[in-house]
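Here is my note on this model. Please keep the sequence and the 3D view open while you read.

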Amino acid sequence: MAFFSIGDNYRGTYQIESVEPFFEGELAVASSGGERFFLQLTRLQKPAPPRAIQQYLSLKDHPLIVPYLQVYSEERSLVMIRPFVPFAERLHERIARGGLEEDQILDWVRRLFPVEEVLKEKPLRMYTVLHPANIGLTESGQVQVLYCGVEGRTLPDPKVDWGNLLYMLFSGEMLDQPIKKLPPDHGFSKPLEKLIQRSFHRPAGSVASNLDSYLKKRDAKGFFDFLKPKFSPKETPSQEPPAESPPDSAASESSFPPEGPSSDVLRRRLEETRRAKEEAERRAQEEAARLEQERLERERQEQERREREEAERRAQEEAARLEQERLERERQEQERREREEAERRAQEEAARLEQERLEQERREREEAERRAQEEAARLEQERQEQERREREEAERRAQEKAARLEQERQEQERREREEAERRAQEEAARLEQERREQERREREEAERRAQEEAARLEQERREQERREREEAERRAQEEAARLEQERQEQERREREEAERRAQEKAARLEQERQEQERREREEAERRAQEEAARLEQKRLEQERREREEAERRAQEEAARLEQERLEQERREREEAERRAQEEAARLEQERLEQERREREEAERRAQEEAARLERERQEQERREREEAERRAQEEAARLERERQERERQEQERREREEAERRAQEEAARLERERVPAGHEEQLERARAERLHHDRLAAQFEEYVRHVFNRQSPGND
């Protein structure tokens with residue numbers, strides 16, 4: 001099904017005017033804002049990372065490549081927005097018209113050599129399709145390339161090489177499938193055949209060298225040009241043998257008169273000259289073959305050196321990437337430890353503040369108790385002094401007031417009892433009210449402090465979460481630009497791959513990663529390049545163990561390729577590069593999977609941390625509720641004990657009063673028996689007054705004891 005359709009609007013901006021199939025994709029011409037653009041759809045073998053898109057955009061200034069303005073990621077494909085170039089025609093159209101000259105073809109090919117060098121130098125190796133339909137001719141006669149791909153990522157694979165391009169240009173035949181050598185009925189001259197045949201499976205540098213050699217041989221002068229002055233003026237140039245093909249003896253003999261000694265001498269000289277020319281040509285061909293062999297050997301060695309350097313560079317980049325990932329993980333672990341340390345310090349600070357508050361309250365309670373004791377002692381001293389003065393005053397006025405007091409005693413005692421009971425009740429109610437008010441204020445203060453502390457902790461937690469969310473959002477935004485274009489396809493394949501191999505690969509990948517990191521940390525500084533090569537070999541060995549069947553076939557293929565080594569060196573290099581690309585893709589896939597797992601682990605830890613803080617908060621609230629209930633129960637128990645103590649004291653007081661009353665009655669009886677009758681009333685009044693003062697003292701003592709017991713630290 002076609003992606004572009006005439007009349008559609010791509011992304012609501014580009015109006016499609018025309019569409020044509022283009023190397024397993026599509027090439028459309030569209031207009032937007034009064035301008036025209038090329039819209040090229042490129043199919044993907046696997047998702048292209050963001051740096052591949054950046055590589056496309058970096059080609060906008062190359063004069064031989066149509067620039068890339070924007071690259072969009074679609075389902076299993078990329079869409080490139082490029083400025084419209086009004087090509088006069090493309091090479092396949094020019095070939096169809098015929099009449100191409102050899103120099104023109106070779107000039108076009110020579111101009112295209114730098115394109116391959118530029119694309120191969122990219123971090124993700126790129127390529128172009130060397131097909132006439134991919135090469136356009138501008139109005140000024142310049143060539144420009146339309147399609148560029150990323151090796152291992154885009155379609156089609158780079159199978160069409162320089163030999164195929166030269167064959168199509170010289171033969172005028174467009175190939176549906178690439179060929180590996182010239183067909184028998186090609187009809188090319190021998191030098192051109194050698195040039196095209198040596199261009200199969202060769203890089204641009206090697207083809208350029210072969211092209212220079214071909215042009216030098218083609219443009220060289222004939223071998224016998226230096227002999228022309230030696231011949232007599234009668235001999236015409238047509239009588240000399242051609243420069244390119246040696247003359248046979250029959251032709252030589254028919255060019256000169258057959259009779260006379262001078263003719264024999266001339267024939268002998270010509271025969272010697274011919275043999276010398278053939279020998280010189282044979283030696284020249286042998287020397288050229290030897291030089292060509294040496295050049296090919298140098299090129300092979302240079303290619304192998306470049307491949308080794310490329311492998312070392314990639315290994316160094318991989319080691320640097322792994323080291324960067326390790327440093328990133330260490331940084332995240334350090335941040336996690338710092339957060340835990342900050343939380344621990346916050347908890348310690350909260351505990352310290354709570355301890356200081358409790359210590360302050362304890363000191364305040366001790367100070368209040370000390371002051372209450374001092375006040376009680378002072379009151380007790382004043383009471384004793386007051387009693388002494390009252391006793392003295394009572395004794396002094398006993399006789400004067402005896403009659404009046406006796407009359408008022410019963411009424412006065414009644415009023416005093418009622419007043420004392422009323423005051424005691426009011427005082428008890430007031431003390432109870434003050435106690436409850438104090439407890440309410442303390443509870444409110446404790447709740448306020450707890451709420452403030454909880455609010456502060458909650459605020460710190462929210463601030464921490466906000467910072468983490470901002471950091472996560474910032475990272476997510478940075479990551480989004482990289483992941484957005486490959487997200488849908490990547491997530492689908494990740495889900496399928498994760499579900500298929502999660503159980504069988506998780507432990508192995510984790511163990512390999514840990515072992516890999518350990519080996520890299522131990523060996524990276526000492527010999528980075530050697531270690532990278534060793535790790536690469538270990539990785540290949542690991543792949544061999546994982547894919548035993550593939551390795552068996554590879555070994556069989558290697559044995560077969562060893563027998564055909566000279567012919568198959570190029571294919572082996574291509575296979576090695578493909579495997580390296582697949583391995584790079586696998587490592588990239590594993591890195592993305594690792595990053596996804598790390599993000600999920602970070603989110604899981606954040607959720608667990610939030611849940612832990614929530615549990616701690618609920619546990620703290622539960623403990624506070626239990627502590628409040630315990631204090632309420634202790635307070636109720638204390639009040640019950642105080643009530644029982646008051647009842648016990650009241651009982652003891654009543655018993656003491658009863659004993660004192662009995663003792664006083666006994667003493668009064670004895671006194672009545674001992675003293676005269678006139679003093680009995682006076683003594684009775686004095687005893688009643690003393691009993692009244694004793695009751696007042698007992699009530700005050702009970703009040704002081706109540707205050708002391710309420711402020712005791714054991715009841716808090």
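The points below take the sheets, then the helices, then the cores.

1. Ground rules. This is a predicted model, in which local features need pLDDT of at least 70, side-chain atom pairs count only at pLDDT 80 or more, and totals for chains, interfaces and linings use all residues. Residues are numbered from 1 along each chain as its sequence is written, and side-chain values use heavy atoms, with hydrogens and water left out.

2. The six-stranded sheet. Six strands form an open sheet, with antiparallel pairing, in the order E1-E2-E3-E4-E6-E5. Its edge strands are E1 (9–10) and E5, and each pairs on one side only. Strands here are DSSP runs (E, at least two residues), as are helices (H or I, at least four), numbered from the N terminus. Two strands pair if DSSP finds at least two bridges between them.

3. Strand E6. Look at residues 77–83. Six of the seven residues of E6 are buried, so this strand is largely enclosed by the rest of the structure. Buried means under 20% relative accessible area, with exposed over 50% and partly exposed in between (1.4 Å probe, protein chains only).

4. Neighbours of E6. Strand E4 (residues 35–43) pairs with E6 in the antiparallel sense over seven bridges. Thr42 has Leu78 of E6 as its bridge partner. Strand E5 (residues 70–74) pairs with E6 in the antiparallel sense, over five bridges. Here Val71 stands opposite Met80, and Gln70 has Ile81 as its bridge partner. E5 and E6 form a hairpin with two residues between them. Arg76, in the turn, has a positive phi of about 60 degrees.

5. The three-stranded sheet. This open sheet has the order E7-E9-E10 and antiparallel pairing. E7 (89–90) and E10 (143–145) are the edge strands. E9 (residues 135–137) and E10 pair over three bridges. Gly136 has Gln144 of E10 as its bridge partner.

6. Helices on the sheets. Helix H1 (residues 50–57) lies across E5 and E6, at about 150 degrees to E5. Helix H3 (residues 102–120) lies across E9 and E10, at about 40 degrees to E10. Axes are lines fitted to C-alpha atoms, for helices over the stretch in contact, and angles run from 0 to 180 degrees between N-to-C directions.

7. The H5 and H6 pair. H5 (residues 190–197) and H6 (residues 204–219) pack at about 170 degrees, with their axes 9 Å apart. They are therefore roughly antiparallel to each other (over 145 degrees). Pro191, Leu192 and Leu195 of H5 meet Asn210, Leu211 and Tyr214 of H6. Contact means heavy atoms within 4.5 Å.

8. The cores. Which residues touch the most other members of the largest nonpolar core? They are Tyr56, Phe113, Cys148, Trp162, Leu165, Phe170 and Ile196, in a core of 51 residues. H3 gives the most to this core, with eight residues. Another core, of 13 residues, lies apart from it and includes Phe22, Tyr127, Val129 and Ala133. A nonpolar core is a set of buried Ala, Val, Leu, Ile, Met, Phe, Trp, Tyr and Cys residues joined through side-chain atoms within 4.5 Å.

9. Phe113 up close. Not counting residues up to four places away in sequence, Phe113 touches Trp162, Ala204, Val207, Ala208 and Leu211.

Key: Parallel < 35°, antiparallel > 145°, perpendicular 65-115°, else oblique.
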